[in-house]
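Welcome, and thanks for taking a look at this one. Please have the model open in your viewer while you read.

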Amino acid sequence: MHKVIQYRSKCIGCGICYELQPELWRMSKKDGKATLIKAVGKKQVFILSIPDSEVPKSQEIAAACPVRIIKII
Ligand code: SF4
């Protein structure tokens, strides 16, 4: 198991994560930022467990985020 971490407060709402991986991301109508679906969050840091098979795709998203606020651990 790995984890996707999103430091949401610094999200600029570019929508790239959502475009590349709509099964994990959606864009909030409230504040225009990306929301990591089903993630658990505290103080704008959201964490979601993902299976190993989803790691390469998630790493691609992390690298594509222009403000680099998505981390895979
Ligand atoms: S790619 Fe990064 S900055 Fe762009 S919407 Fe997703 S989390 Fe926010």
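## Ground rules

Two strands pair if DSSP finds at least two bridges between them. Strands (E, at least two residues) and helices (H or I, at least four) are DSSP runs numbered from the N terminus. Residues are numbered from 1 along each chain as its sequence is written. This is a predicted model, so local features need pLDDT of at least 70 and side-chain atom pairs count only at pLDDT 80 or more, while totals for chains, interfaces and linings use all residues.

## The sheet

Let us begin with the strands. An open sheet of four strands runs in the order β4-β5-β1-β6, with antiparallel pairing. Its edge strands are β4 and β6, each of which pairs on one side only. From one strand to the next, the twist averages 20°; axes here are lines fitted to C-alpha atoms, for helices over the stretch in contact, and angles run from 0 to 180 degrees between N-to-C directions. Helix α2 packs on the sheet and touches β1, β5 and β6, its direction making about 150° with that of β6. Contact between two residues is called when their C-beta atoms, placed from the backbone, lie within 7 Å.

Now for the individual pairs. Strand β1 (residues 2-7) joins β5 (residues 45-50) through six antiparallel bridges, and Q6 has F46 in β5 as its bridge partner. β1 also pairs with β6 (residues 70-72), in the antiparallel sense over three bridges, where V4 stands opposite I72. β4 and β5 are antiparallel too, over three bridges, and K42 has V45 in β5 as its bridge partner.

## Turns, loops and exposure

β4 and β5 form a hairpin with two residues between them, and K43 in the turn has a positive phi of about 50°. Most residues other than glycine have a negative phi. K38 has a positive phi near 65° and sits in the loop between β3 (34-36) and β4. R68, also not a glycine, has a positive phi of about 50° and belongs to the loop between α2 (55-64) and β6.

Are K38 and R68 buried or exposed? A residue is buried if 20 or more other C-beta atoms lie within 10 Å of its own, exposed if 12 or fewer, and partly exposed in between, with C-beta atoms placed from the backbone. K38 is exposed because 9 other C-beta atoms lie within 10 Å, and R68 is exposed because it has 11 such neighbours inside 10 Å. G41, in strand β4 (residues 40-42), counts as partly exposed because it has 14 C-beta neighbours inside 10 Å.

## Core and ligand shell

The largest nonpolar core has 12 residues, including V4, W25, L36, F46 and I69. Such a core is a set of buried Ala, Val, Leu, Ile, Met, Phe, Trp, Tyr and Cys residues joined through C-beta atoms within 7 Å. Leaving aside residues up to four places away in sequence, I69 touches Q6, Y7, K10 and C11.

Which residues are closest to the ligand? They are C11, C14, C17, A34 and C65, out of 14 that surround it; a residue counts as near if its C-beta atom, placed from the backbone, lies within 6 Å. The shell divides into 11 nonpolar, three polar and no charged residues. Here Ala, Val, Leu, Ile, Met, Phe, Trp, Tyr, Cys and Pro count as nonpolar, Asp, Glu, Lys and Arg as charged, and the others, Gly among them, as polar.
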